[in-house]
2 protein chains.
Amino acid sequence: MPPIPSVSAFARILALAVLLAGSAPALAQSDALPSWNDGPAKQAIVDFVHATTTEGAPKFVPPAERIATFDQDGTLWVEHPMYAQVRYCLERVPAVVEAKPELAKAEPFKAVLSGNREAMAQLSMDDLFKILAATLTGISVDEFSAEVKKWMASAKDPRWKRPYTELTYLPMQEVLKYLRANGYKTYIVTGGGQDFVRQYSEQVYGIPPEQVVGTAGGTQYGYGKDGKPFLTKEPKLLLNDNDAGKPEGIHLMIGRRPHAAFGNSDGDKQMLEYTKAGDGARLSMLVLHDDAKREYAYGPAQKLPDTKIGAFTQALYDQAKKQGWTIISMKKDWKRIFAFER
Amino acid sequence: MPPIPSVSAFARILALAVLLAGSAPALAQSDALPSWNDGPAKQAIVDFVHATTTEGAPKFVPPAERIATFDQDGTLWVEHPMYAQVRYCLERVPAVVEAKPELAKAEPFKAVLSGNREAMAQLSMDDLFKILAATLTGISVDEFSAEVKKWMASAKDPRWKRPYTELTYLPMQEVLKYLRANGYKTYIVTGGGQDFVRQYSEQVYGIPPEQVVGTAGGTQYGYGKDGKPFLTKEPKLLLNDNDAGKPEGIHLMIGRRPHAAFGNSDGDKQMLEYTKAGDGARLSMLVLHDDAKREYAYGPAQKLPDTKIGAFTQALYDQAKKQGWTIISMKKDWKRIFAFER
């Protein structure tokens, strides 16, 4: 039987443990990213957290200023073959036409109702905006919330046959948690609809609605027949949260320049360069979809012939390299992609 | 010398203390409002916090949903005889005219430069908007931030000869802290400029910039000569955060209906009724300026002849009574108004 350590021996062991913990916090915390392979991407995240959260270090960032922003589609979850929100809008068309039968014979609604894939493939951006406006506005914010939640609970991705909410990238979920555990406030900054993403962001990402910045329309305050006030979603665009709209939206909704930003497309360019241009330690990361087997390959890695969604250009790849952003290779950097994989 | 209590006696005392604490948490916490006199206003706040934070109680609100919104001018700090921000804008006119000399001969800038009080008193709302647009836009968000911080550090209120940042109401500061200590996220929802208030909200109220909702203009993303990206404040109104704009702004920026709201003018009517119309426990409070001696008296209490700022109407007072909002009488409910008073 080994001798029972004396109190002073115990105190020495404790002091040693504290010393060790103090000297290598980032090392200890790197276990927070178990789905990442060791490599420059994982190291960049760990180094950034270490540099900005070590008190007294030259690049220390006070907790109140720790802001990290994440694009959603293609950065936090699968965006192929179609954004979940676009599918939601297309599937809402019959209900909208039922309420307004005059739309049944008008394009682009007629094409959507026909279910004809060729006709739908030829919809222009203008057509798509008409569909978004018709299906996302004209109802109260509470009705909209209920509709989106209902749809999300039943809709399934065509490839994995799972709810969209299960198609989030496990390594990115780990980054969200790791940053939050280190005092960062995590935001979604999405080209998608702000009100749409807010319906599930808390449950899916642990990000509350007030930390979702997205493409946003106006609302109109009014009173119901019972005299109770409510808000109706209006087809008035307040913020197009893509491209330059991302840093502009970040200023509007947050009011601080992020210290870390994550994206995966040309629409994230301005957010990533704006973040990186700040002083001190700044982390800009670009997810490269180069894993055709486990997910998809598009962008500089390989262009999908049938879509342009999220593809980022060689020019953005070159800018990333030049400005010191870090590329995340799904294929090389991610040990697992989804939580449901073994 | 009294006998040393036995371990079991100590355990009994501890258990009793825990029991007492458990049975009257709100009572114990009411010490968090020492500048309030006992009365219906203080009681309404304490009861609300008790009802919404006692686990298992019928009106319990989960921490994530605890949102409280506060108007600023006249609710959190003095708004007479002139909003601090309006004074800032008027005092910025010479610098703006120096940069754009052609404005010197154009109204309303000419009247402001003259310093003629009568001419300035006759400025219309339209004139005021021209001054706000000229003094709040056309510069980068970083320059604007530096200008406001510099001004705030030196400007003094004409009556108390103190920085505006000392003219916050101590009882309301206590409410902010009390709510935060009970898991509430506190927001400013102001008709004032969002970017203006964000420059001092953290220091003055403990409210970070991302929790300030205010009248907001657009920004324009661009690049400096050094190639670095920056944002310029544009004269494009995105949100007029007054009247119906308050609940609309709350939806845009927060995405949840508040459980508690505080205001002092007709411009807060919609925010207060929207808050109160939610289910469960909701607290809507209206600050009545009825203390001509220690602060000012206006609104239903007494109209100031020379200004309409913040005055709320008898109609709003009646609505408050009818809909169960609580009136805060500065005279009766507040033991102290400012922290600098003994």
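**Entry 1. Helix 14 of chain A**

I looked up what lies over the buried residues of helix 14 of chain A in this predicted model, and the covering elements include helix 13 (269-276), strand 6 (283-288) and strand 7 (326-329) of chain A. The buried residues of this helix, which runs over residues 314-323, are A:Leu316, A:Gln319 and A:Ala320. I noted that these three cover an arc of only 100° around the axis, which puts them on the same side of helix 14 of chain A. The face turned away from that buried side carries A:Ala315, A:Lys321 and A:Lys322, which are exposed. After the helix I found A:Gly324, with a positive phi near 80°.

**Entry 2. Helix 7 of chain A**

I next checked the length of helix 7 of chain A, residues 125-136. Its 12 residues, at 1.5 Å a residue, should span 16 Å, and the end C-alpha atoms are 16 Å apart, which agrees. I then listed its buried residues: A:Asp127, A:Ile131, A:Thr135 and A:Leu136. Seen down the axis of helix 7 of chain A, the buried residues fall within an arc of 140°, so they line one face of the helix. On the other side of this helix I recorded A:Met125, A:Asp126 and A:Phe129 as exposed.

Which elements cover the buried residues of helix 7 of chain A? I found that they include helix 4 (84-99), helix 5 (109-114), helix 8 (141-154) and strand 4 (229-239) of chain A. The helix is followed by A:Gly138, whose phi is positive, near 85°.

**Entry 3. Strand 6 of chain B**

I turned to strand 6 of chain B, residues 283-288. Here 6 of the 6 residues are buried, so the strand is largely enclosed by the rest of the structure. In a regular strand the side chains alternate between the two faces of the sheet. I sorted the residues of strand 6 of chain B by direction: B:Leu283, B:Met285 and B:Val287 point one way, while B:Ser284, B:Leu286 and B:Leu288 point the other way. Both sets are buried.

I also looked up a pairing partner. Strand 5 (residues 260-263) of chain B pairs with strand 6 of chain B in the parallel sense, over 4 bridges. Within this pair of strands, B:Ala261 stands opposite B:Ser284 of strand 6.

**Entry 4. A:Leu33**

Is A:Leu33 buried or exposed? I found A:Leu33 buried, because its relative accessible area is 0%, below the 20% limit for a buried residue. The residue is in the loop between helix 2 (25-29) and helix 3 (40-53) of chain A. Leaving aside neighbours within four places in sequence, I noted contacts of A:Leu33 with A:Lys42, A:Ile45, A:Val46, A:Glu174, A:Val175 and A:Tyr178. Of these, A:Val175 is 142 residues away along the chain, yet its C-alpha atom is separated from that of A:Leu33 by 6.9 Å.

**Entry 5. Backbone angles in the loops**

I searched for cis peptide bonds and recorded two. The bond from A:His80 to A:Pro81 is cis, with omega near -5°. I placed A:Pro81 in the loop between strand 1 (67-70) and helix 4 of chain A. In chain B, the bond from B:Glu107 to B:Pro108 is cis, with omega near 5°. I placed B:Pro108 in the loop between helix 4 (84-99) and helix 5 (109-114) of chain B.

I then looked at positive phi values in residues other than glycine. A:Lys161 has phi near 55° and is found in the loop between helix 8 and helix 9 (170-181) of chain A. With a relative accessible area of 58%, A:Lys161 is exposed. A:Asp243 also has a positive phi, near 55°, and lies in the loop between strand 4 and helix 12 (245-253) of chain A.

**Entry 6. Cysteines**

I asked how many disulfides there are over all chains. The count comes to 0. A:Cys89 is buried, with a relative accessible area of 1%, and B:Cys89 is buried, with a relative accessible area of 1%.

**Entry 7. The two chains**

Last, I looked up how chain B relates to chain A. Chain B can be laid on chain A by a turn of 180° and a shift of 0.0 Å along the axis, with an RMSD of 0.0 Å. The two copies are thus related as by a two-fold rotation axis. I noted that the same surface serves both copies, since 100% of the contact residues of chain B recur in chain A.

Key: Residues are numbered from 1 along each chain as its sequence is written. Chains are lettered from A and ligands numbered from 1 in the order in which they are written. This is a predicted model: local features need pLDDT of at least 70, side-chain atom pairs count only at pLDDT 80 or more; totals for chains, interfaces and linings use all residues. Side-chain values use heavy atoms; hydrogens and water are left out. A disulfide is a pair of cysteine sulfur atoms within 2.5 Å. Buried means under 20% relative accessible area, exposed over 50%, partly exposed in between (1.4 Å probe, protein chains only). Helices (H or I, at least four residues) and strands (E, at least two) are DSSP runs, numbered from the N terminus. The expected span of a helix is 1.5 Å times one less than its number of residues. The arc is that of the directions from the helix axis to the C-beta atoms. Contact means heavy atoms within 4.5 Å. Copies are superposed by least squares on the C-alpha atoms of residues with pLDDT of at least 70 in both. Two strands pair if DSSP finds at least two bridges between them.
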